[in-house]
Amino acid sequence: PVAPVANYVAWRRSGNVVYISGQIPKDGDVLHKGQLGSTVSVEEATEAARLCGLNLIAQMREACGGDLDSVKQVLQVQGFVSST
């Protein structure tokens, strides 16, 4: 999983519920930045959203000790897009 870029915990377990902090569109050393409609195309925004989703899954896998089959349900997913 992508390491946090600030001072926060990437995920926390409370009982059988895992809370995952917001994920950014980062792939290795590459961080996708910009505003959809201004500096970012729809295609670039789609790739950034895909990376955020993959990073969420990676954090969940880590929280579950590598076993995504232990996930029974997802309670909530929020996404935010900076756009014009």
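Here is a walk through this predicted model, from the whole chain down to a few residues. Residues are numbered from 1 along each chain as its sequence is written, and side-chain values use heavy atoms, with hydrogens and water left out.

Let's start with the overall layout. Along the principal axes, the C-alpha atoms fill a box of roughly 45 × 25 × 20 Å.

Now for contacts and surface. Take the contacts (heavy atoms within 4.5 Å) with a separation of 6 or more: 55% of them come from residues 24 or more positions apart. The accessible surface is about 6300 Å², and carbon and sulfur atoms own 53% of that; areas come from the Shrake-Rupley method with a 1.4 Å probe, and for residues only the protein chains shown count as cover. Of the 84 residues, 20% are buried. Buried means under 20% relative accessible area, exposed means over 50%, and partly exposed is in between (1.4 Å probe, protein chains only).

Next, zoom in on Asn55, which sits in helix H1 (residues 42-63). Is Asn55 buried or exposed? Asn55 counts as buried because its relative accessible area is 8%. Its side chain gets to 2.9 Å from the backbone oxygen of Ile24, and a polar atom of that side chain also lies 3.2 Å from the backbone oxygen of Lys26. Leaving out residues up to four places away in sequence, Asn55 touches Val2, Gln23, Ile24 and Lys26.

Over to Gly22, in the loop between strand E2 (17-20) and strand E3 (26-27). Gly22 has a relative accessible area of 56%, so it is classed as exposed. Its C-alpha atom is 10 Å from that of Tyr8, which is 14 residues away along the chain.

Last stop: Leu68, in the segment after H1. With a relative accessible area of 34%, Leu68 is therefore partly exposed. Together with Leu54 and Ile57, Leu68 makes a nonpolar surface patch with about 240 Å² of accessible area.

Note on methods. Predicted model: local features only at pLDDT ≥ 70, side-chain atom pairs only at ≥ 80, totals over all residues. Helix = DSSP H or I, 4+ residues; strand = E, 2+ residues; numbered from the N terminus. Polar contact = N/O pair within 3.5 Å; in protein donor to acceptor, adjacent residues only side chain to side chain. Patch = residues over 30% accessible without salt bridge, like charges linked within 9 Å, V, L, I, M, F, W, Y side chains within 5 Å. Salt bridge = Lys/Arg side-chain N within 4 Å of Asp/Glu carboxyl O.
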